[in-house]
Amino acid sequence: MYSPPYNQVEDRAERVAFMRSNSFCLLVTGAGGELAASHLPCLVEERGEKLALVMHMARANPQWQSFFDDEALVVFSGPHAYVSPRWYERAPAVPTWNYAAVHAYGVPRVIEEREAKHASQRRLVAELDPQWLPAFDALPREYIDQMLNGIVNFELEVTRLETRWKLSQNRGRREQELIIGRLEEAGEGALAELTRKHLV
């Protein structure tokens, strides 16, 4: 991902928090030169110094059959919005689009063992719907096994991360502040808040 140094984020805690807050991601693979992509929920787990992405897809989805030992890309997309040149004090100017994104790379590893698959799905429920967790735990084993047989669980240990927080840092603090105000007026509060956090 193209990302000038002033758009990059090195703080691990911020990157992990961003990934967890935007955890419905895009998995892209390209074994044999044929690209495939799936939109999937993702658990971002810290394991010591390592990051692991825990995911699953329908068994009927052919993408998992081409994992092999090839690197995959997982895209986490955050808030984004059009930025009008009308918002700047300085002219001339052109329109742009501000956004935040993380690209994570690694090799997917399929999880076959039943108890590990079940534990993975339980962690996902605990993360997304903790109030329903007791009901999940009470589901009949036969039903759970049927559901588990219909999915493929896999993990991806992150080998590298790329970040881009494109928040008009190249325009300077005053114009970033003007953009924050316009974003708030347009109902783009999340992007405004992120821009405020990264004022130059």
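Modeller: A residue counts as buried under 20% relative accessible area, exposed over 50% and partly exposed in between, with a 1.4 Å probe and protein chains only. This is a predicted model, in which local features need pLDDT of at least 70, side-chain atom pairs count only at pLDDT 80 or more, and totals for chains, interfaces and linings use all residues. Residues are numbered from 1 along each chain as its sequence is written, and side-chain values use heavy atoms, with hydrogens and water left out.

Biologist: Is cysteine 25 buried or exposed?

Modeller: Cysteine 25 is buried, at a relative accessible area of 2%. Cysteine 42 is also buried, at 5%.

Biologist: How many disulfides does a search of the whole structure find?

Modeller: A disulfide is a covalent bond between the sulfur atoms of two cysteines. Here the test is a pair of cysteine sulfur atoms within 2.5 Å. The search of the whole structure finds zero.

Biologist: How many helices and strands does the protein have?

Modeller: Both are DSSP runs numbered from the N terminus: helices are H or I with at least four residues, strands are E with at least two. The protein has six helices and eight strands, in the order α-β-β-β-β-β-β-α-α-α-β-β-α-α. The C-alpha trace spans about 65 × 45 × 30 Å along its principal axes.

Biologist: What share of the residues is buried?

Modeller: Of the 200 residues, 44% count as buried.

Biologist: Which residues have the most contacts inside the largest nonpolar core?

Modeller: In soluble globular proteins, nonpolar side chains tend to be buried together. A nonpolar core is a set of buried Ala, Val, Leu, Ile, Met, Phe, Trp, Tyr and Cys residues joined through side-chain atoms within 4.5 Å. The largest one has 37 residues, and those with the most contacts inside it are Leu27, Leu53, Met55, Val74 and Phe76. Strand E4 (residues 72-83) gives this core its largest share, five residues. A second, separate core has six residues, including Leu133, Phe136, Ile144 and Leu148.

Biologist: What does leucine 27 touch?

Modeller: Contact means heavy atoms within 4.5 Å. Not counting residues up to four places away in sequence, leucine 27 touches, among others, Ala36, Leu40, Met55, Phe67, Val74 and Phe154.

Biologist: Where is valine 110, and which residues is it in contact with?

Modeller: Valine 110 sits in strand E6 (residues 108-111) and is partly exposed, at 25% relative accessibility. Leaving aside neighbours within four places in sequence, it is in contact with Trp64, Phe67, Val152, Asn153 and Phe154. Valine 110 and asparagine 153 are 43 residues apart in sequence, yet 5.9 Å apart in space, C-alpha to C-alpha.

Biologist: Which backbone angles deserve a look?

Modeller: Alanine 91 and proline 92 are joined by a cis peptide bond, with omega about 0°. Proline 92 is in the loop between E4 and strand E5 (96-106). Phenylalanine 68 is not a glycine, yet has a positive phi of about 50°. It is in the loop between strand E3 (50-58) and E4, and is exposed at 59% relative accessible area. Serine 168 has a positive phi near 60°. Serine 168 is in the loop between strand E8 (160-166) and helix H5 (173-185), and is buried at 4% relative accessibility.
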